[in-house]
Amino acid sequence: MKPLLTLRLEIILGMVLALTSAVMNTYAQQIAISNSYPVASTPISPSPAPYKTLEGVWMVRVIFHQASPPEIIKVKYLSAGRISVFPAGDEKIQVLDSQGAILYEQALQIVFLAGDPPAPVNSREMVMMVPHLEDDSQLRVLTTQGEAIYDLPDTKR
Amino acid sequence: MTYQIPSDNRFLLRASPASSSRFDWLWPNPVKAGCYGRAWGETLVVTINHAKAVQTLSQIQPDRVILALECGGFGAEAAAAFGLLTRQRLQTELGQLFARRNFEQVELALDVQTALRMETHVLGDSKEALEQMKPLEASFWGNVPHQLRNLSLRGYYITGLLLGQILLFSLPLLIFGWRTWMVVIIALGVAAYGLAALWPIFSIQALSKGALFSIWFAFPVFIFAYALYNNAVPLALNFTIVFVLCSLWMSAILAGIRT
């Protein structure tokens with residue numbers, strides 16, 4: 001069996017193969033994340049109206065990262081409150097039932113700028129209000145970097 | 001298995017290699033196959049084209065002719081385990097050399113003797129040497145311990161080669177994050193150990209072995225990746241393609257390095 005490669009060729013081709021694999025993997029990760037975005041198949045009814053005080057809301061504290069999945073830091077039940085409204089974007093916060101069906105969904109856009117004058121940051125912390133619904137079981141935050149899921153407590157009732 | 005008849009240049013005497021790599025367990029470490037030493041030497045010592053082996057022999061036995069067999073730069077044990085060094089091949093190479101010149105005494109380097117399981121390292125003169133090179137009669141069951149030994153040796157040597165490839169791949173991969181690094185290294189490891197296990201099954205070219213291996217195992221690897229990635233088809237498909245590329249790559253690495 002004849003050797004195929006010289007050591008120099010091995011090093012160059014090895015680097016090229018590693019880069020090709022890495023680019024393919026990164027691209028596949030992006031496709032997988034965009035394909036896994038759950039979309040509510042039926043209109044969510046009744047949809048909680050914004051700018052109106054509701055009985056029971058979840059206050060959610062989330063950290064969005066530019067290069068990694070989001071983190072849900074804290075979730076607190078409030079007996080009354082108004083749900084948050086954001087400019088529509090690629091990120092989503094969802095309220096799910098125990099079967100994983102989407103009960104409520106709010107799209108939002110995260111801009112990784114902070115301060116005055118605005119300067120680029122790697123992470124943004126945000127507090128959001130989402131409605132407490134009859135069969136809610138989980139909260140899910142979806143970004144292009146991944147997702148975070150939080151099991152809602154039963155003690156609220 | 002057939003071997004190409006070497007060109008005349010093959011048996012020109014070369015000077016001893018000056019230095020050898022210190023990291024030869026991570027990469028093959030070849031010198032040009034062929035003869036080294038002095039033209040008037042009447043004793044032939046047969047070894048593999050591993051730089052350190054040729055260099056050591058040239059230093060301790062300067063008055064002998066050293067025949068370095070093309071084994072891709074692997075050590076003798078590794079070359080034997082991967083089927084690059086066999087009695088049949090040695091017989092062919094010696095026959096071609098003796099057609100040009102005879103020697104008073106032919107010897108095997110000790111690591112070659114051990115790798116080929118020869119009883120003695122002294123093979124006599126040119127004629128006796130060829131007769132002693134007849135392949136051992138072996139039955140299927142009689143070969144099993146030998147095959148197991150070779151399997152474990154291949155596992156041992158592929159670990160070193162895999163570490164070398166991980167070092168080579170790490171810098172470009174880590175630019176894209178540790179997850180990407182892990183995915184490609186797992187694919188490389190699966191391909192490396194799988195190929196090492198099944199290496200001697202086919203007597204075909206190295207790249208063909210890699211292609212055949214990856215075709216055979218593409219579907220099981222896809223199912224494995226599909227479960228690993230929580231049913232994400234693009235990632236499973238990507239892992240499978242990376243596995244196929246890594247199989248071809250490792251098969252080229254296992255064929256050795258040429259100078």
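View 1. A:E55 faces A:A80, which lies in β2(A). In this predicted model, local features need pLDDT of at least 70 and side-chain atom pairs count only at pLDDT 80 or more, while totals for chains, interfaces and linings use all residues. Residues are numbered from 1 along each chain as its sequence is written, chains are lettered from A, and ligands are numbered from 1 in the order in which they are written. Strand β1 of chain A covers residues 54-65 and is joined to β2(A) by nine bridges. The two run antiparallel. Strands pair if DSSP finds at least two bridges between them. Helices (H or I, at least four residues) and strands (E, at least two) are DSSP runs, numbered from the N terminus.

**View 2. The three-stranded sheet of chain A.** The order is β2-β1-β7, in an open sheet with antiparallel pairing.

**View 3. The four-stranded sheet of chain A.** Here the open sheet has the order β4-β3-β8-β9, again with antiparallel pairing. β4 (102-108) and β9 (146-151) of chain A are the edge strands, and each pairs on one side only. The twist from one strand to the next averages 15°. Within the sheet, strand β3 of chain A (residues 91-97) runs antiparallel to β4(A), with six bridges between them. A:V95 has A:Y104 as its bridge partner in β4(A).

View 4. Chain A holds one helix and nine strands. From the N terminus on, the elements run α-β-β-β-β-β-β-β-β-β. Of its 157 residues, 24% are buried. A residue is buried if 20 or more other C-beta atoms lie within 10 Å of its own, exposed if 12 or fewer, and partly exposed in between, with C-beta atoms placed from the backbone. Among contacts in chain A between residues at least 6 apart in sequence, 64% join residues at least 24 apart. A contact means C-beta atoms, placed from the backbone, within 7 Å. Across the interface, 24 residues of chain A are in contact with 28 residues of chain B. The chain A side comprises 15 nonpolar, eight polar and one charged residues. Nonpolar means Ala, Val, Leu, Ile, Met, Phe, Trp, Tyr, Cys and Pro; charged means Asp, Glu, Lys and Arg; the others, Gly among them, are polar.

**View 5. The α8-α9 helix pair of chain B.** Helix α8 (residues 206-228) and helix α9 (residues 233-254) of chain B pack at about 155°, with axes 8 Å apart. Axes are lines fitted to C-alpha atoms, for helices over the stretch in contact, and angles run from 0 to 180 degrees between N-to-C directions. α8(B) and α9(B) are therefore roughly antiparallel, a term for angles over 145 degrees. By class, their contact has 18 nonpolar, five polar and one charged residues. Among those meeting are B:F213 and B:F222 in α8(B), and B:F239 and B:F243 in α9(B).

**View 6. Strand β3 of chain B.** Five of the six residues of β3(B) (residues 43-48) are buried, so the strand is largely enclosed by the rest of the structure. β3(B) pairs in the parallel sense with strand β5 of chain B (residues 105-108) over four bridges. It also pairs in the parallel sense with strand β4 of chain B (residues 65-69), over five bridges. B:L44 has B:V106 as its bridge partner in β5(B), and B:L44 stands opposite B:V65 in β4(B).

Terms used: Contact = placed C-beta atoms within 7 Å. Parallel < 35°, antiparallel > 145°, perpendicular 65-115°, else oblique.
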